[in-house]
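Biologist: I have not worked with this structure before. Could you take me through how to read its main features?

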Amino acid sequence: MIAFVSGPVAALAPTTAVVEVGGVGMAVQCTPQTIAGLRVGQEARLATSLVVREDSLTLYGFADDDERQVFELLQTASGVGPRLAQAMLGVHTPDALRLAVSTGDEKALTAVPGIGKKGAQKLLLELKDKLGAPLGTSGLVGAQRAAAGPAPWTEQLLSALIGLGYASREAEEAVAAVTPQAEESIAASGSAPVPQLLRAALQTLNRAR
């Protein structure tokens with residue numbers, strides 16, 4: 001198992017970071033939130049989980065060991081593969097997921113693309129005794145963190161676009177362009193799907209060039 005990779009960031013894409021390790025570029029699949037915290041040329045350390053398939057080896061990267069542990073625990077539920085597990089962490093922090101599962105919050109899970117009402121109910125049953133309680137210093141802190149979710153979607157999107165090499169002005173214009181889409185998602189599900197918004201913002205930027 002590759003527990004982590006550490007080294008300078010060689011390249012960034014919307015869902016992938018390439019980290020140079022001993023002269024070898026390791027491609028690591030990451031959430032937009034993780035990508036947003038990286039910069040090309042700067043040192044980075046990503047906790048990782050290697051997913052082995054008959055025809056592929058895929059390395060998934062995380063900001064810390066807690067995210068990696070939750071990623072692996074989520075996959076113990078039937079029907080949850082690495083892509084869906086990462087999508088869940090792309091929408092919610094580990095503590096937000098723990099709180100959602102411990103309180104039976106279907107709405108929080110259906111905010112994840114690919115999870116419907118029945119799927120959310122099934123996940124709540126299967127994960128109930130696996131994720132544990134939020135790791136915040138108190139139940140109130142955990143609830144507040146989960147209610148707040150990750151950083152505001154606009155900040156996440158701006159950081160991700162700037163991390164991909166776009167100028168601040170370009171990033172701000174792209175965020176403004178996808179704001180109506182984000183507001184529709186928030187009204188419908190209570191959250192903004194950052195991965196989809198990032199793709200839409202990149203499409204906007206590509207059309208502008």
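Biologist: How does the radius of gyration of the protein compare with that of a compact globule?

Modeller: The model is predicted. For 209 residues, a compact globule would have a radius of gyration near 17 Å, and the protein has 17 Å, so the two agree. Along the principal axes, the C-alpha atoms fill a box of roughly 45 × 40 × 35 Å.

Biologist: How many helices and strands does the protein have?

Modeller: Its secondary structure comes to 10 helices and 5 strands. Among contacts with a separation of 6 or more, 55% join residues 24 or more positions apart.

Biologist: What share of the residues counts as buried?

Modeller: A residue is called buried when its relative accessible area is under 20%. By that cut-off, 43% of the 209 residues are buried. The accessible surface is about 10500 Å², and carbon and sulfur atoms account for 53% of that surface.

Biologist: Which residues touch the most other members of the largest nonpolar core?

Modeller: A nonpolar core is built from buried residues of nonpolar kinds joined through side-chain atoms within 4.5 Å. The largest one here has 32 residues, and Trp-153, Leu-157 and Leu-161 touch the most other members. Elements giving two or more residues to this core include strand E1 (4-12), helix H8 (153-163) and helix H9 (168-189). The largest share, 7 residues, comes from H10.

Biologist: What does Trp-153 touch, not counting residues up to four places away in sequence?

Modeller: Its contacts are Val-175, Val-178, Thr-179, Ala-182, Ile-186, Ala-192, Val-194 and Leu-197. A second core is separate and has 25 residues, including Ala-47, Val-51, Phe-71 and Ala-111.

Biologist: Is helix H4 mostly covered or mostly open?

Modeller: An α-helix has 3.6 residues a turn, so residues three or four places apart point the same way. Helix H4 (residues 94-103) is mostly covered, with 8 of its 10 residues buried. The buried ones are Pro-94, Asp-95, Ala-96, Leu-97, Arg-98, Leu-99, Ala-100 and Val-101. Just after H4, Gly-104 has a positive phi of about 70°.

Biologist: Is Thr-34 buried or exposed?

Modeller: Thr-34 lies in helix H1 (residues 32-36). Its relative accessible area is 7%, so Thr-34 is buried. Apart from neighbours within four places in sequence, Thr-34 is in contact with Leu-46, Gly-61, Phe-62, Ala-63 and Glu-67.

Biologist: How many positive and negative side chains are there?

Modeller: There are 17 positive and 20 negative side chains, and the centres of the two sets lie 5 Å apart.

Key: Residues are numbered from 1 along each chain as its sequence is written. This is a predicted model: local features need pLDDT of at least 70, side-chain atom pairs count only at pLDDT 80 or more; totals for chains, interfaces and linings use all residues. Side-chain values use heavy atoms; hydrogens and water are left out. Helices (H or I, at least four residues) and strands (E, at least two) are DSSP runs, numbered from the N terminus. Buried means under 20% relative accessible area, exposed over 50%, partly exposed in between (1.4 Å probe, protein chains only). Contact means heavy atoms within 4.5 Å. The radius of gyration is taken over C-alpha atoms; the globule rule is 2.2 Å times the number of residues to the power 0.38. Accessible areas come from the Shrake-Rupley method with a 1.4 Å probe; for residues, only the protein chains shown count as cover. Lys and Arg count as positive and Asp and Glu as negative; His and the chain ends are not counted. The place of a charge is taken as NZ of Lys, CZ of Arg, CG of Asp or CD of Glu.
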